[in-house]
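Thanks for coming, everyone. Here is the structure on the screen, and I will keep this brisk.

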Amino acid sequence: MLLKGKKIVVAVTGSIAAYKIPHFVRLLVKAGAEVQVLLTTSASQFVSALTLATVSGKDALMDVADGATWNNHVMLGLWADVMIIAPCSANSLAKLANGLCDNIVCAVYLSARCPVYIAPAMDEDMWKHPSTKANIARLQSYGNHIIPTEYGALASGLTGEGRMAEPETMVRILENQFDTQLPLRGLKALVTAGPTYERIDPVRFIGNFSTGKMGVAIATALANKGALVTLIAGPGVQHTNNTNISIVDVESAADMYNATMVIANDTDILVLAAAVADYRPDEIAANKIKKGDSGLVLHLTKTTDILASLGKIKAPNQTLVGFALETENEVEHAIKKLGDKNADMIVLNSLRDAGAGFGHDTNKVTLLSKTHPTVSLPLQSKKEVAIAITEHIITMRDAKETV
Ligand code: CTP
């Protein structure tokens with residue numbers, strides 16, 4: 001229904017996952033979309049232009065000179081309501097990130113005025129290579145949507161990350177794009193969740209009891225309203241397979257800070273739900289610290305405050321939400337954090353409330369902002385709390401837009 005009459009460019013590049021694209025195109029056509037397939041020469045080694053033309057009902061284009069006119073790439077860039085590059089090989093990813101233009105896929109990508117979705121597919125080591133990560137970050141910073149890869153069997157025979165998302169998942173993601181009922185459609189969100197571990201030596205760390213349940217619930221609530229969410233997850237945080245959420249695993253406060261800063265500029269909504277360590281050991285001992293006869297003194301250094309750092313660089317269209325976990329003078333401390341860290345909203349948790357805080361499936365919070373009346377929510381499931389926080393974010397953003 002959502003894809004009925006939508007014009008979709010499906011661009012195929014050279015990866016074994018291309019064998020799934022005829023099925024993907026078939027699903028789009030069945031959903032009522034008009035599909036134009038493009039394929040690179042290497043893609044044609046994995047799937048034939050004839051197959052793709054048959055399932056889409058249009059000639060699959062392989063060259064900028066194919067079709068009615070030599071400049072069809074410009075026309076296709078204007079024609080499309082959405083473009084999806086799937087599978088996107090490591091090589092094509094690098095070309096797109098650097099603006100190369102030596103085939104029809106790159107040419108249409110550069111001409112496209114519509115939203116562009118990129119579904120990478122490659123072996124795990126290629127996927128985890130810093131060059132690939134840098135290319136992904138750059139493509140995201142240009143406003144492209146990266147469809148998270150999946151974990152499972154790879155063509156190499158190994159098991160790991162890097163599989164292209166399943167066709168059904170990609171169809172759902174494209175449907176979201178056109179779902180005007182979703183208030184956060186087209187927006188990007190970042191959520192930090194869970195504890196951080198600050199290493200003392202190879203076998204010990206300083207940590208806390210956070211499980212990340214609240215952060216995961218918020219990531220899910222934002223994704224269900226249409227946002228594309230990056231969940232920056234501390235150790236032990238349970239993964240979710242929501243197709244609108246991509247997960248970056250981190251260990252320490254410094255890792256969490258770095259992962260956040262990579263995408264912060266390009267994010268509309270930032271919710272910092274993690275219990276970040278305020279201090280880390282000055283030095284990490286190279287070997288296990290042996291027990292001596294007397295006590296042990298650990299020297300600690302302050303970590304960087306991620307929320308406060310984001311507050312300093314916040315753009316007017318960004319919504320920054322922090323948490324405050326307090327045990328005394330709760331509201332007073334939370335209001336101070338709102339101002340000191342330049343947040344738009346503080347979600348106050350009191351450890352004095354039964355059923356609230358670490359590890360529970362429930363929470364009791366108060367939402368404080370500079371612009372809206374304080375909202376005190378009853379004790380309820382973390383899922384319900386997350387929905388309420390998301391609704392409050394939407395209300396605050398709507399109010400800002402109408403000013
Ligand atoms: N926070 C952060 N980076 C840190 C410490 C905290 O981003 N290094 C964020 C948390 O994710 C949370 C908010 O700051 O959203 C408040 O965290 P909290 O631990 O309640 O407060 P602190 O600022 O650490 O102050 P204190 O521990 O003294 O209450």
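Let's start with cysteine 101. Its relative accessibility is 48%, so cysteine 101 counts as partly exposed. On cut-offs: buried means under 20% relative accessible area, exposed means over 50%, and partly exposed is in between, with a 1.4 Å probe and protein chains only.

A word on the source. This is a predicted model, where local features need pLDDT of at least 70, side-chain atom pairs count only at pLDDT 80 or more, and totals for chains, interfaces and linings use all residues. Residues are numbered from 1 along each chain as its sequence is written, and side-chain values use heavy atoms, with hydrogens and water left out.

Back to the cysteines. How many disulfides are there? The count is 0, where a disulfide is a pair of cysteine sulfur atoms within 2.5 Å. For cysteine 88, the nearest cysteine sulfur belongs to cysteine 106, 8.7 Å away. Cysteine 101 is in no disulfide either; its nearest cysteine sulfur, again that of cysteine 106, is 6.2 Å away. Is cysteine 88 buried or exposed? At 0% relative accessibility, cysteine 88 counts as buried.

Next, threonine 13. You'll find it in the loop between strand S1 (7–12) and helix H1 (21–30). Helices (H or I, at least four residues) and strands (E, at least two) are DSSP runs, numbered from the N terminus. Threonine 13 has 0% relative accessibility, so it counts as buried. A polar atom of its side chain lies 2.9 Å from the backbone nitrogen of serine 89. Beyond neighbours within four places in sequence, threonine 13 is in contact (heavy atoms within 4.5 Å) with residues including Cys88, Ser89 and Val105.

Now the core. In soluble globular proteins, nonpolar side chains tend to be buried together. A nonpolar core here is a set of buried Ala, Val, Leu, Ile, Met, Phe, Trp, Tyr and Cys residues joined through side-chain atoms within 4.5 Å. The largest one has 36 residues, and Ile218, Leu222, Val229, Val271 and Ile389 touch the most other members. Elements giving two or more residues include helix H9 (213–224), strand S11 (228–233) and helix H13 (382–402). Which element gives the most? H9 does, with 8 residues. Apart from this core lies another, of 33 residues, among them Ala31, Val47, Val82 and Met164.

Last stop: a hairpin. It joins S9 to S10 through 2 residues. Glutamate 198 stands opposite isoleucine 206 in S10.

How values were computed
A polar contact is a pair of N or O atoms within 3.5 Å; within protein, one must be able to donate a hydrogen and the other to accept it, and residues adjacent in sequence count only if both atoms are side-chain atoms. Two strands pair if DSSP finds at least two bridges between them.
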